[in-house]
Amino acid sequence: MTEKVRCLIIGSGPAGYTAAIYASRANLSPVLYEGMQPGGQLTTTNEVENFPGYPQGITGPELMEDMKKQAERFGADIRFGMATKADLSSAPYKITIDGEKEIEADTLIISTGATAKYLGLPDETKYAGSGVSACATCDGFFYRKRKVAVVGGGDTACEEATYLAGLADKVFLIVRKPFLRASKIMQERVLSNPKIEVLFEHETLELTGEKVVQGANLVKRRGQADEEKLHIEIDGFFLAIGHKPNSDIFKPWIETDEVGYIKTVPGTPRTIVPGVFAAGDVADPHYRQAVTAAGSGCQAAIEAERYLSEKGI
Ligand code: NDP
């Protein structure tokens, strides 16, 4: 049987939970589906030290649990389940959960996040949280005066390498091509930084170390006659090879950029579909921070409330 809700929130990162806090306090009786990874990307981070209000820091899972409890305290209905299909052709919008349950929503807040891309090496899972990270801003601080490697040749990789060079003693930038794809200014910053060594035409074969990352085995010009193997000693291995926004099921109805980030009216979470809002990393190729996601979740809930009162729903 179809269930009808006033405000449906998809996704349980800082954007989704913050939207749920605001929407429940505004009496919208929000229903939130957590998705495949309850708590979102932050649950894969150890210590969060840059979320305001926690002078001593807090672990990612604790922060997300606190946000969830805060939303539940005001009556948000938080459920386990994954949105598998969307029909935004007309209001109320239809969302299918886990391939079977259908929900009709007067307003929809899409806060499905983005997933960092990994190389696909088994070692990335083995050392997850023990030296492997996909967020230099989140985890870089733990590598002060250490050696780290960043994988990628785009703007994110250059930005992360430059950021890490401000903390670590040495940063290897592992680039698979003989050139960087990043913007000129970012390239110049990297190439002129004495702490950064760019390893062009290198690929990572495996990570080494007892319980935590202690090194990486690389190969230069893999498969060519002059192929060379190289071992580097590192304490941290950062992936910066792009993110995939989790927007696939909404793409037939809303605008996305070429990567899949949902396009919103600048400065707002409004999509081209009235009453449908996008918040957090799914609509943010630039900042991708917990606090910016939380801020946009708040905006989305306020917009949802205004939309409903304007429509008199
Ligand atoms: P990009 O897609 O631009 O770059 C990804 C990089 O990762 C490329 O160098 C790519 O290599 C490399 N890569 C991808 N897959 C692999 C793999 N399997 N093994 C090794 N290397 C791999 O992603 P970004 O996240 O850097 O940027 C996304 C967008 O955000 C861009 O438009 C960028 O300009 C923008 N951005 C802007 C910033 C700013 O203006 N300050 C900061 C950060 C991002 P290859 O080149 O060989 O394909």
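Good morning. Glu201 sits in the loop that connects β13 (196-199) with β14 (202-208); helices (H or I, at least four residues) and strands (E, at least two) are DSSP runs, numbered from the N terminus. The model is a predicted one, in which local features need pLDDT of at least 70 and side-chain atom pairs count only at pLDDT 80 or more, while totals for chains, interfaces and linings use all residues. Residues are numbered from 1 along each chain as its sequence is written, and side-chain values use heavy atoms, with hydrogens and water left out.

To return to Glu201, its phi is near 60 degrees, a positive value in a residue other than glycine. Glu201 counts as partly exposed because its relative accessibility is 21%; buried means under 20% relative accessible area, exposed over 50%, and partly exposed in between (1.4 Å probe, protein chains only).

Asp98 also has a positive phi, near 50 degrees, and is likewise not a glycine. Asp98 belongs to the loop between β7 and β8 (101-110), and with 43% relative accessibility Asp98 is partly exposed.

Which bond joins Ala91 and Pro92? It is a cis peptide bond, with omega at about -5 degrees. Pro92 is part of the loop between β6 (83-87) and β7 (93-97).

I turn now to Ser247. Is Ser247 buried or exposed? Ser247 is buried, because its relative accessible area is 0%. Ser247 is placed in the loop between β18 (243-245) and β19 (276-278). A polar atom of the Ser247 side chain lies 2.6 Å from the backbone oxygen of Gly260.

Finally, the charged surface. A patch of positive charge on the surface is formed by Lys117, Arg176, Lys177 and Arg181. Patches are made of residues with over 30% relative accessible area and no salt bridge, with like charges joined within 9 Å and nonpolar side chains (Val, Leu, Ile, Met, Phe, Trp, Tyr) within 5 Å. A salt bridge is a side-chain nitrogen of Lys or Arg within 4 Å of a carboxyl oxygen of Asp or Glu.

Which residues gather in a patch of negative charge on the surface? They are Glu62, Glu65, Asp66 and Glu72. Of these, Glu62 is found in helix α2, residues 60-73, and Glu62 is partly exposed, with a relative accessible area of 44%. Thank you for your attention.

Key:
Accessible areas come from the Shrake-Rupley method with a 1.4 Å probe; for residues, only the protein chains shown count as cover. Lys and Arg count as positive and Asp and Glu as negative; His and the chain ends are not counted. The place of a charge is taken as NZ of Lys, CZ of Arg, CG of Asp or CD of Glu. A polar contact is a pair of N or O atoms within 3.5 Å; within protein, one must be able to donate a hydrogen and the other to accept it, and residues adjacent in sequence count only if both atoms are side-chain atoms.
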